[in-house]
Amino acid sequence: MYTIGDKKTVWKPTNIHSDWAKPGVRISYSKNKTGTWTATGTATVGAEAGVIFGKVSSSFSVSVGKSWSKSDTWTYAATVAKKPGKTKGRLMMYHEAKGFSVTRYHWAPTSSGCKKVKDWKKSGNIAPVKRSNNLWGVQYS
C-alpha cells in the first residue's frame, strides 16, 4: 500500500532555451524543436514506479509519467532585466511537474489482529505532467 504526501506543483527547466544575452537586450526564441523533461527522484522506487505514478496521477487529478516530450514551434520574446549579481539572462521554457513523497506500508499480523507498518518513505520525487503545460521566463546567471 502506498500513500502520496508533500504534494506541490513545481516548474522545471526544459531543454528549450535561447542563447544568453546581457541586461537590456530583447531576446526572442522561435524554433521547431522537441521539448523534453524527465522525472527525478523516482529511480529509487524501481519496478514500483508504474503503480506510484498511477497513485500520484489520482492524487493530483492530472496524469504524470516518467517523462514529457513534445515537438512544436516554440515562440517567445522578453527583455533581459538588470538583476543584482547577475550578468546575463536567457529565455527558458519551464514545464509543469508535480513534487511528492511516497510512503509504502504493509499490514502485519499481531496477536489482536493486524497493524499498519511503514516500510519506507522516499521524498523529493518530481514527475512531469503528461499534458503540455509550459511557462516561459528569463533565467539569470
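A polar contact is a pair of N or O atoms within 3.5 Å; within protein, one must be able to donate a hydrogen and the other to accept it. The model is predicted.

Q: With which side chain does the side chain of S101 make a polar contact?
A: The cut-off for such a pair of N or O atoms is 3.5 Å. The side chain of S101 has a partner at 2.8 Å. That partner is the side chain of D6.

Q: Is S101 buried or exposed?
A: S101 lies in strand 4, residues 89-110. Buried means under 20% relative accessible area. S101 has 2% relative accessibility, so S101 counts as buried.

Q: Which residues does S101 touch, not counting residues up to four places away in sequence?
A: Contact means heavy atoms within 4.5 Å. Among the residues that S101 touches are K121, K122, S123 and N125.

Q: How many aromatic pairs does the structure hold?
A: Rings of Phe, Tyr and Trp pair if their centres lie within 6.5 Å. The number of aromatic pairs in the structure is four.

Q: What is the angle between the planes of Y29 and W136?
A: Y29 and W136 form an aromatic pair, 5.7 Å centre to centre. Y29 is in strand 2 and W136 in strand 6, 107 residues apart. The pair is tilted, and the angle between the planes is 40°.

Q: Why is the pair of Y76 and W136 stacked?
A: W136 counts as buried at 17% relative accessibility. The ring centres of Y76 and W136 are 5.5 Å apart. Planes under 30 degrees apart count as stacked. The pair of Y76 and W136 is stacked because its planes are at 10°.

Q: Over the ring of which residue does the charged end of K7 sit?
A: A charge sits over a ring if NZ of Lys is within 6 Å of the ring centre and within 35 degrees of the ring normal. The charged end of K7 is 5.2 Å from the centre of its ring. The ring belongs to F60.

Q: At what distance from the ring centre of W20 does K88 lie?
A: K88 lies over the face of W20. The distance from the ring centre is 4.8 Å.

Technical notes:
Residues are numbered from 1 along each chain as its sequence is written. This is a predicted model: local features need pLDDT of at least 70, side-chain atom pairs count only at pLDDT 80 or more; totals for chains, interfaces and linings use all residues. Side-chain values use heavy atoms; hydrogens and water are left out. Helices (H or I, at least four residues) and strands (E, at least two) are DSSP runs, numbered from the N terminus. Buried means under 20% relative accessible area, exposed over 50%, partly exposed in between (1.4 Å probe, protein chains only). Rings of Phe, Tyr and Trp (its six-membered ring) pair if their centres lie within 6.5 Å; planes under 30 degrees apart count as stacked, over 60 as edge-to-face and the rest as tilted.
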